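Here is my notebook from an afternoon of looking things up.

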Amino acid sequence: AAYKSKVILLYVIEPVGQEMANIQSAGMTAPVETIAEVAEEIMAADKKKAEKQLHKIRSELEVGGVKLVRVKVVEGFAESKIVEVAKKEWCNLIVMSTHGRSGLVRVLLGSVADSVVRHAPCPVLLVHPSH
């Protein structure tokens, strides 16, 4: 609020193909069309939930004096979409929470935060999520 900053609250939903792979790896055996329908339903529910959460955060920020807040929910891979939006929107700072993974889990799953830090067009502030 003190800097009259514009804030974009961004949430990235996995692509439908990735969601289909997640469903199949969970053991669901069904025709591809059925799995695609289930994946689309999951994504629609995720999008609705994300929008609701982000609008709640938006309201809290506005009460705190931040007046220029936009909500964006996009589909894609988080590491590339975050960087893409930051470039397109000419962002001066990316603030993101980390999952706090370490060790072998981080090596195997990779780190969205690491990728964003390496490719971002601006500084990145990583915040450990509160429990």
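**Entry 1: V124.** I listed the contacts of V124 (heavy atoms within 4.5 Å), not counting residues up to four places away in sequence, and found L93, I94, M96, V116 and V117. V124 sits in strand β4, residues 124–127. I take helices (H or I, at least four residues) and strands (E, at least two) as DSSP runs, numbered from the N terminus. The C-alpha atoms of V124 and L93 are separated by 5.8 Å, although the two are 31 residues apart along the chain.

Is V124 buried, partly exposed or exposed? Its relative accessible area is 22%, so I put it down as partly exposed. My cut-offs are under 20% relative accessible area for buried, over 50% for exposed, and partly exposed in between (1.4 Å probe, protein chains only).

**Entry 2: ground rules.** This is a predicted model, so I read local features only at pLDDT of at least 70 and side-chain atom pairs only at pLDDT 80 or more, while totals for chains, interfaces and linings use all residues. Residues are numbered from 1 along each chain as its sequence is written, and side-chain values use heavy atoms, with hydrogens and water left out.

I then checked pLDDT, the predictor's confidence in each residue, from 0 to 100. The chain has a mean of 82, and 76% of its residues reach 70 or more. Confidence is highest in helix α3 (residues 78–88), at 95, and lowest in helix α4 (residues 103–109), at a mean of 53.

**Entry 3: the layout.** I counted five helices and four strands. Along the sequence they run β-α-α-β-α-β-α-α-β. Of the contacts with a separation of 6 or more, 68% join residues 24 or more positions apart. Buried residues are 23% of the 131 in the chain.

**Entry 4: the cores.** For a nonpolar core I take buried Ala, Val, Leu, Ile, Met, Phe, Trp, Tyr and Cys residues joined through side-chain atoms within 4.5 Å. The largest one has eleven residues: V12, V74, I82, V83, A86, I94, M96, A113, V116, A120 and C122. At least two residues each come from α3, β3 (94–97) and α5 (112–119). The largest share, three residues, is supplied by α3. There is also a second, separate core of eight residues, among them M43, A50, V66 and V73.

**Entry 5: helix α3.** Which residues of α3 are buried? I noted K81, I82, V83, V85 and A86. These buried residues pack against β1 (6–13), β2 (68–75), β3 and α5. After α3 comes W90, and its phi is positive, near 55°.

**Entry 6: the cysteines.** I searched for disulfides (a pair of cysteine sulfur atoms within 2.5 Å) and got zero. At 12% relative accessibility C122 counts as buried, whereas C91 is partly exposed at 23%.

**Entry 7: the surface.** Last, I looked up the accessible area, from the Shrake-Rupley method with a 1.4 Å probe; for residues, only the protein chains shown count as cover. The chain exposes about 9300 Å², and carbon and sulfur atoms supply 57% of that.
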